[in-house]
Amino acid sequence: MANAMLLPVLVSFLVLPFSAMALTQDFCVADLSCSDTPAGYPCKTGVGAGDFYYHGLAAAGNTSNLIKAAVTPAFVGQFPGVNGLGISAARLDIAVGGVVPMHTHPAASELLFVTEGTILAGFISSSSNTVYTKTLYKGDIMVFPQGLLHYQYNGGSSSAVALVAFSGPNPGLQITDYALFANNLPSAVVEKVTFLDDAQVKKLKSVLGGSG
């Protein structure tokens, strides 16, 4: 009985040194030559100041596309220094009339900071299906909780720019329209799960490059 009572204490003492090591490690710059894991990339050797710097968000993204918007990421794949730190960033450019369609980030919450123009944004709660929307102007911020469907579009008369922070190094992205209409999911299935008719589904598949 005494040995059984002591076992949790011994296990705790065995685990504590490893926990302390994890807490005292200053950083773990990603070794992108290795595979990503649920715990992040392995740490690379030979770290320098350049690993903690990224210039990729300085230039505007190309908005000459279907949605008239561009997201330039500074995730762990582009910015290895954020590996293991629970953060990442992106730049959002939206031309007049442009939109970032309904989408979700499965692995992070999002904080959006408008630096230019006007952005209409919103998200939908998963529990009550309540819609939360706001018109954002230069200097405004809005938070989008992890995993919830949300959108942004340019509601002004000039280009809009925003900087985005995420609560994870690789937030992930799934755009609802592309998930439904930009792959080979059979049209008959899409019609069943969306209540759209065959002509509407095939039109959207044609626009977004889907098949089936």
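Me: What do buried, partly exposed and exposed stand for here?

Reply: Buried means under 20% relative accessible area, exposed means over 50%, and partly exposed lies in between. Keep in mind that this model is predicted. Now take V47. Its relative accessibility is 34%, so V47 counts as partly exposed.

Me: Where does V47 sit in the chain?

Reply: V47 belongs to the loop between α1 (2-24) and β1.

Me: Which residues form a nonpolar patch on the surface?

Reply: V47 is one of them; the others are F27, F52, L85 and I87.

Me: Is N62 buried or exposed?

Reply: Apply the cut-off again. Exposed means over 50%. N62 has a relative accessible area of 55%, so N62 is exposed. N62 also lies in the loop between α1 and β1. Its C-alpha atom is separated by 9.4 Å from that of A95, 33 residues apart along the chain.

Me: Next, disulfides. How many does the count come to?

Reply: The general idea: a disulfide is a covalent bond between the sulfur atoms of two cysteines. In this model the count comes to one. C28 is joined to C43, with 2.0 Å from S to S. Both C28 and C43 are in the loop between α1 and β1, 15 residues apart.

Me: Which hand does the disulfide of C28 and C43 have, and why?

Reply: Look at the torsion about the S-S bond. For C28 and C43 the torsion is about -115°, so this disulfide is left-handed.

Me: Are C28 and C43 buried or partly exposed?

Reply: Take each in turn. C28 has 15% relative accessibility, so C28 counts as buried. C43 has 40%, so C43 counts as partly exposed. For another cysteine, look at C34: at 32% relative accessibility, C34 counts as partly exposed.

Me: How many bridges join β2 to β9?

Reply: Seven bridges link β2 (residues 88-94) with β9 (residues 160-166), and the two run antiparallel. For a specific case, pick R91. Its bridge partner in β9 is L163.

Definitions and conventions. Residues are numbered from 1 along each chain as its sequence is written. This is a predicted model: local features need pLDDT of at least 70, side-chain atom pairs count only at pLDDT 80 or more; totals for chains, interfaces and linings use all residues. Side-chain values use heavy atoms; hydrogens and water are left out. Two strands pair if DSSP finds at least two bridges between them. Helices (H or I, at least four residues) and strands (E, at least two) are DSSP runs, numbered from the N terminus. Patches are made of residues with over 30% relative accessible area and no salt bridge: like charges are joined within 9 Å, nonpolar side chains (Val, Leu, Ile, Met, Phe, Trp, Tyr) within 5 Å. Accessible areas come from the Shrake-Rupley method with a 1.4 Å probe; for residues, only the protein chains shown count as cover. A salt bridge is a side-chain nitrogen of Lys or Arg within 4 Å of a carboxyl oxygen of Asp or Glu. Buried means under 20% relative accessible area, exposed over 50%, partly exposed in between (1.4 Å probe, protein chains only). A disulfide is a pair of cysteine sulfur atoms within 2.5 Å.
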